[in-house]
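Visitor: Please bring up the sequence and the model, so that we can go through them together by question and answer.

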Amino acid sequence: MPTMSAPTQFDAVLAKLQARMPTLWLNDRLGQPLPATAPSTASISGAEARMARCAPLLVELFPELSDTDGHIESALMPADNLKAALSCDSTAGAGVWFIKRDDALPVAGSIKARGGFHEVLAVAEEIALTRGLILPDDDRRRLNTPEVRAVFAQYTVAVGSTGNLGLSIGVMAAALGFDAVVHMSADAKAWKKERLRKRGVRVVEHAGDYAKAVAGGRAQALALPHSHFVDDERSDLLFFGYAASARYLAAQLKDAGRQVDAQHPLFVYLPCGVGGAPGGITYGLKALFGEHVHCFFAEPVASPCMLVQLASHSDTPISVYDIGLDNKTDADGLAVGEASHLVAPLMASQLSGVFTVSDTELFLNLRALKASLGVWVEPSAAAGIPGPRWLSDSAQGRAYVERHALDMRQATHVIWSTGGSLVPPEEHRAFHDRADELARRGEAALQIS
């Protein structure tokens with residue numbers, strides 16, 4: 001195991017992690033300065049501008065985006081019925097709840113469309129501009145002309161993914177005419193592989209987990225001329241694509257009559273795999289709201305890679321395998337052993353904390369979401385639901401509220417739902433059959449103390 005600079009603090013949480021006990025860890029470095037190498041928030045504005053100028057192109061490529069004028073955005077859904085179903089009525093659990101419906105994002109059906117579409121569009125613009133196929137102010141619909149597509153066909157866009165990022169990258173790259181390749185672990189969902197193949201994407205399977213698929217894909221891409229590898233662990237373009245969502249959420253909150261300031265705190269709960277999507281969103285929200293937004297990541301008890309990295313205070317990468325966990329979870333999109341090397345250093349000063357979720361809790365909360373709001377999601381998308389309860393029902397959560405002098409009666413809670421609309425009906429039925437069986441067996445929702 002790598003050497004850690006603060007072993008005493010890490011040891012306090014390590015035993016719980018190794019026992020797979022649902023745990024809330026609070027970040028003791030919250031509010032410290034960002035690293036000197038932190039990217040400029042101007043890049044967020046750049047991502048916003050790219051998605052805006054490419055919106056007409058996206059409508060042309062994907063007619064289902066016509067309702068949003070080509071914008072990759074989701075609804076902010078009131079969720080007080082979910083709060084009632086989970087009996088979250090204590091002082092710290094008060095305030096107004098929302099579900100951010102990235103599970104229903106058009107085309108790619110998950111949060112990964114935000115970063116994935118942005119990166120592919122950035123690559124397409126760079127190639128077209130460099131080769132003189134378009135001018136900077138040209139209508140980006142020119143990227144879909146036969147002349148430009150013939151050039152894109154000479155380039156490979158590849159990614160390593162357990163599923164949802166692969167779907168977003170593969171679908172976007174294939175739509176523009178690139179040679180699109182997705183490297184996946186052999187045990188990734190069969191329906192995701194089939195959906196990619198039907199879109200004209202080449203799927204390459206690798207033995208092992210997510211990390212093996214990424215490593216294999218990276219190695220193969222580097223060996224090819226005219227190849228771009230989308231690196232979920234290190235990509236600035238993905239990161240800023242996610243960060244660009246913050247301003248739209250701010251507008252939605254304003255439309256819903258929700259202020260964000262010292263008297264009206266905002267809490268956001270984000271499922272975390274490698275960390276690119278939740279990290280980018282956190283970075284964007286902190287740029288807008290500063291200390292008035294409190295972001296928490298949710299990770300499976302078998303795969304708490306960001307928690308391990310941040311709590312260890314290690315200057316070198318540390319994985320869940322290093323502490324004896326097996327990284328096996330039904331939340332397949334969150335089954336990541338090692339946190340993003342780009343994101344973890346940024347989150348060390350911006351993230352409020354991380355809580356872990358058992359697979360049982362995922363299925364019970366998935367069931368509660370369907371019963372209370374009629375929303376069908378995949379297991380990983382239900383990971384953020386326990387967040388408000390950690391603040392209301394745990395000693396650590398209450399201490400956090402008191403330390404920051406937060407009036408939870410005026411709080412806004414946003415639970416980010418990350419994927420599920422493309423899941424086949426038979427898969428959804430299997431999720432809910434399992435959830436119903438857990439309920440029949442008397443499995444209880446999370447007991448927090």
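Visitor: Which residue of β10 is the bridge partner of Glu 299?

Guide: Strand β9 (residues 293-300) runs parallel to β10 in this predicted model, and the two are joined over five bridges, where pairing requires that DSSP find at least two bridges between the strands. Strands (E, at least two residues) and helices (H or I, at least four) are DSSP runs numbered from the N terminus. Within β10, the partner of Glu 299 is Thr 356.

Visitor: What pLDDT do local features need in this model?

Guide: Residues are numbered from 1 along each chain as its sequence is written, and side-chain values rest on heavy atoms, with hydrogens and water left out. Because the model is predicted, totals for chains, interfaces and linings use all residues, side-chain atom pairs count only at pLDDT 80 or more, and local features need pLDDT of at least 70.

Visitor: In which sense do β1 and β10 pair, parallel or antiparallel?

Guide: Strand β10 (residues 353-357) has five of its five residues buried, that is, under 20% relative accessible area, with exposed meaning over 50% and partly exposed in between (1.4 Å probe, protein chains only). Gly 353, Phe 355 and Val 357 point one way, and Val 354 and Thr 356 point the other. Val 354 is the bridge partner of Trp 25, and the three bridges between β10 and strand β1 (residues 24-26) are antiparallel.

Visitor: Which residue of β7 stands opposite Val 157?

Guide: In β4 (residues 156-160), Thr 156, Ala 158 and Gly 160 lie on one side and Val 157 and Val 159 on the other, and all are buried. The strand pairs in the parallel sense with β5 over five bridges, and with strand β7 (residues 227-230), also in the parallel sense, over four bridges. On the β5 side, Val 159 is partnered by Val 182, while in β7 the residue opposite Val 157 is His 228.

Visitor: What is the handedness of the β-α-β unit that β4, α7 and β5 make?

Guide: A crossover is right-handed if, with the strands pointing away from the viewer, the path from the first strand over the helix to the second runs clockwise. For the unit made by β4, α7 and β5, the handedness is right-handed.

Visitor: Is Lys 112 buried or exposed?

Guide: The UniProt record, in an unreviewed entry, annotates Lys 112 as the modified residue N6-(pyridoxal phosphate)lysine, with the caution that annotations may be inferred rather than shown by experiment. Lys 112 lies in helix α5 (residues 112-130), and its contacts (heavy atoms within 4.5 Å) include Asp 232, Tyr 242 and Ala 277, when residues up to four places away in sequence are not counted. Since its relative accessibility is 15%, Lys 112 is buried.

Visitor: How many residues of α12 are buried?

Guide: Helix α12 (residues 276-289) reaches 20 Å from its first C-alpha to its last, close to the expected 20 Å, a span taken as 1.5 Å times one less than the number of residues. Among its buried residues are Ala 277, Tyr 283 and Phe 289, and the helix is followed by Gly 290, with a positive phi near 55°. Of the 14 residues in α12, the number buried is 12.

Visitor: How far apart are the ring centres of Phe 62 and Phe 117?

Guide: The whole structure holds seven aromatic pairs, in which rings of Phe, Tyr and Trp (its six-membered ring) have centres within 6.5 Å, with planes under 30 degrees apart called stacked, over 60 edge-to-face and the rest tilted. Phe 62 sits in the loop between α3 (55-61) and β2 (76-78) and Phe 117 in helix α5, so the pair ties together parts 55 residues apart in sequence. Their planes meet at 25°, so the pair is stacked, and the centre-to-centre distance is 5.8 Å.

Visitor: What is the relative accessibility of Ala 405?

Guide: Most residues other than glycine have a negative phi. Ala 405, in the loop between α17 (395-403) and β11 (412-417), has a positive phi near 50°. Ala 405 counts as exposed because its relative accessibility is 65%.
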